[in-house]
Amino acid sequence: MPGWNATHIPDQSGRSAVVTGANSGIGYVTARELARRGASVVLACRSAARGRAAAIRLRAEVPGAQAEFMPLDLADLASVREFAAGYAQRHAALDLLINNAGVMALPYGRTADGFETQFGVNHLGHFALTGLLLPRLRAAAPGARIVNVSSGFHVLGRIGPTDAGPTDAGPAGSGLADPGGEHGYRRWTAYGRSKTANLLFTHELSRRFTAAASPITAVAAHPGYASSNLHSGASKLEGPTLNSRVAALGNAVLAQPTSSGALPTLYAATAPGVRPDAFIGPRFGWRGAPARSWRAGWTLDDASGELLWAASEQLTGVSYAALPR
């Protein structure tokens, strides 16, 4: 693992991949490097114009690459279902699902289905997408992997069981404490909750794959402090404040480039011997070659994982019937 970089990606010829949010930043680099090693890549993006432009750019940078754009809006479950159905019509199997897309530190808002935006996009959209694509992942197994891109900022927001009583702001009867941060909304806490949800989802998915003796591997990754549209977008939302200026300066001076920020995801997706439920990030926390990353203990809590899973099935209407508890 020391010194691991994109040149160490094993040959991906004959393999298929879906990368969400692949029109720019870490998602684009992830898709490009997988295509460079021979994978057939679907760029799943919300913007048709940017998605098509990214696919054209990728094929120009990697002559002969198999790359196509398909529309996917994770803030709209109808779009998620349309994407999954369209993928199933065009592809018999799926080897790599890279749940990379996300939003960060947004003012309070709601998705098309009424969920808090960050929880809805970062977790629920990917939960639904993964469940709907599970038959194609099973068709590609063994060797199929799911990579959920989380963040070190997961430490800002915990998701777990709540005490019985009227304080439960989660889905009715779920016993889950305010997963979307609806009460006293704080944008960074809500972002942290959504990233905790990514890790809890990975943990519970791994437990269920093990129980079902499935050869599919679910892992998580984070880019550390990487220059990306997430950071710049959060700064733009805050306006010309001191905090946003400091963030912009840090992004310009301290952040590693997207080519480095994508390495933990690429390692998690392709390196031999990656263990289920691993969390891969930069060696030094915020930058460096891929390595096993520290994670908060609550992201490994079985009870919280089960509650989040049940709530997510209820909210999205997507059932993982093939993976019972």
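A search of the whole structure, which is a predicted model, finds 11 salt bridges.

**A pair within one helix**
- R36 forms a salt bridge with E33, and the closest N and O atoms of the two side chains are 3.1 Å apart.
- Both residues belong to helix α1 (residues 25–36), where a spacing of three residues separates them by about one helical turn.
- R36 counts as partly exposed at 42% relative accessibility, whereas E33 is buried, with a relative accessible area of 8%.

- R90 is exposed at a relative accessible area of 53%, while E68 is buried at 19%.
- R207 forms a salt bridge with E306, with 2.7 Å between the closest N and O atoms, so that helix α5 (residues 187–211) is linked to helix α10 by residues 99 positions apart.
- R207 is partly exposed, with a relative accessible area of 28%, and E306 also counts as partly exposed, at 24%.

**A nonpolar surface patch**
- F153, V155, L156 and W294 make a nonpolar surface patch of about 400 Å².
- W294 sits in the loop between β8 (290–292) and α10 (302–316), and W294 is exposed, with a relative accessible area of 60%.

Note on methods: Residues are numbered from 1 along each chain as its sequence is written. This is a predicted model: local features need pLDDT of at least 70, side-chain atom pairs count only at pLDDT 80 or more; totals for chains, interfaces and linings use all residues. Side-chain values use heavy atoms; hydrogens and water are left out. Patches are made of residues with over 30% relative accessible area and no salt bridge: like charges are joined within 9 Å, nonpolar side chains (Val, Leu, Ile, Met, Phe, Trp, Tyr) within 5 Å. Accessible areas come from the Shrake-Rupley method with a 1.4 Å probe; for residues, only the protein chains shown count as cover. A salt bridge is a side-chain nitrogen of Lys or Arg within 4 Å of a carboxyl oxygen of Asp or Glu. Helices (H or I, at least four residues) and strands (E, at least two) are DSSP runs, numbered from the N terminus. Buried means under 20% relative accessible area, exposed over 50%, partly exposed in between (1.4 Å probe, protein chains only).
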